Amino acid sequence: PAHPYTKGLLNSIPRLDQKGQSLYAIQGLPPSLLRIPSGCAFNPRCDRVQDVCHTELPRLVPVLDAEGADLPGRRSACHFWKETLHG
Ligand code: SF4
């Protein structure tokens, strides 16, 4: 995944090989639609949040592999998609 929210959702899927272990849960709650945070709407719940996430709305950008080649059909709206994907 190239977005922390997607990564969190995938990490929260129950797995048979982890029976008996606690499920991963994304911290916090979805924002009120009447009070959507400035910048990235996911910033109150993101474990990768930085200052820029509070002030700038991330653009939807193509996702590239480690060699810089476009991954067809893959897009992310995260300032730190590279770190999320490759980090
Ligand atoms: S832009 Fe910032 S707050 Fe939003 S998902 Fe990416 S790292 Fe998290």
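Here are a few notes on the model, working from the overall fold to the ligand site and then the salt bridges.

1. Ground rules. This is a predicted model, with local features taken at pLDDT of at least 70, side-chain atom pairs counted only at pLDDT 80 or more, and totals for chains, interfaces and linings using all residues. Numbering starts from 1 along each chain as its sequence is written, and side-chain values use heavy atoms, with hydrogens and water left out.

2. Overall layout. The protein has 3 helices and 2 strands (DSSP runs: H or I of at least four residues for helices, E of at least two for strands). Reading from the N terminus, the order is α-α-β-β-α. Along the principal axes, the C-alpha atoms fill a box of roughly 40 × 40 × 20 Å. Of the 87 residues, 23% count as buried (under 20% relative accessible area; exposed is over 50%, partly exposed in between, with a 1.4 Å probe and protein chains only).

3. The cavity. The count comes to 1 cavity of 30 Å³ or more. Here a cavity is a set of points on a 1 Å grid over the protein atoms alone where a 1.4 Å probe fits but cannot get out, and lining residues have an atom within 4 Å of a point. The largest cavity has a volume of about 90 Å³, meaning the space filled by probe spheres set on grid points joined across faces, edges and corners. Its lining has 13 residues, with Cys40, Cys46, Cys53, Cys78 and His79 nearest the centre. By class, that lining splits into 9 nonpolar, 3 polar and 1 charged (nonpolar: Ala, Val, Leu, Ile, Met, Phe, Trp, Tyr, Cys and Pro; charged: Asp, Glu, Lys and Arg; polar: the others, Gly among them).

4. The ligand. What takes up the largest cavity? The ligand does, by the rule that more than half of its atoms lie within 2 Å of the grid points. Residues around the ligand (a heavy atom within 4 Å) include His3, Pro4, Phe42, Asn43, Arg48, Pro58 and Phe80. Cys40, Cys46, Cys53, Cys78 and His79 are also in this shell. Its class count is 8 nonpolar, 3 polar and 1 charged.

5. Salt bridges. There are 2 of them (a side-chain nitrogen of Lys or Arg within 4 Å of a carboxyl oxygen of Asp or Glu). Aspartate 17 and arginine 15 meet at 2.7 Å, N to O; aspartate 17 is exposed at 56% relative accessibility, while arginine 15 is partly exposed at 46%. In the pair of arginine 75 and aspartate 70, the closest N and O atoms are 3.9 Å apart. Arginine 75 is partly exposed at 45%, and aspartate 70 is partly exposed at 42%.

Methods:
On a 1 Å grid over the protein atoms alone, a cavity is a set of points where a 1.4 Å probe fits but cannot get out, and a pocket is an open set with protein on both sides within 12 Å along at least five of seven lines; lining residues have an atom within 4 Å of a point.
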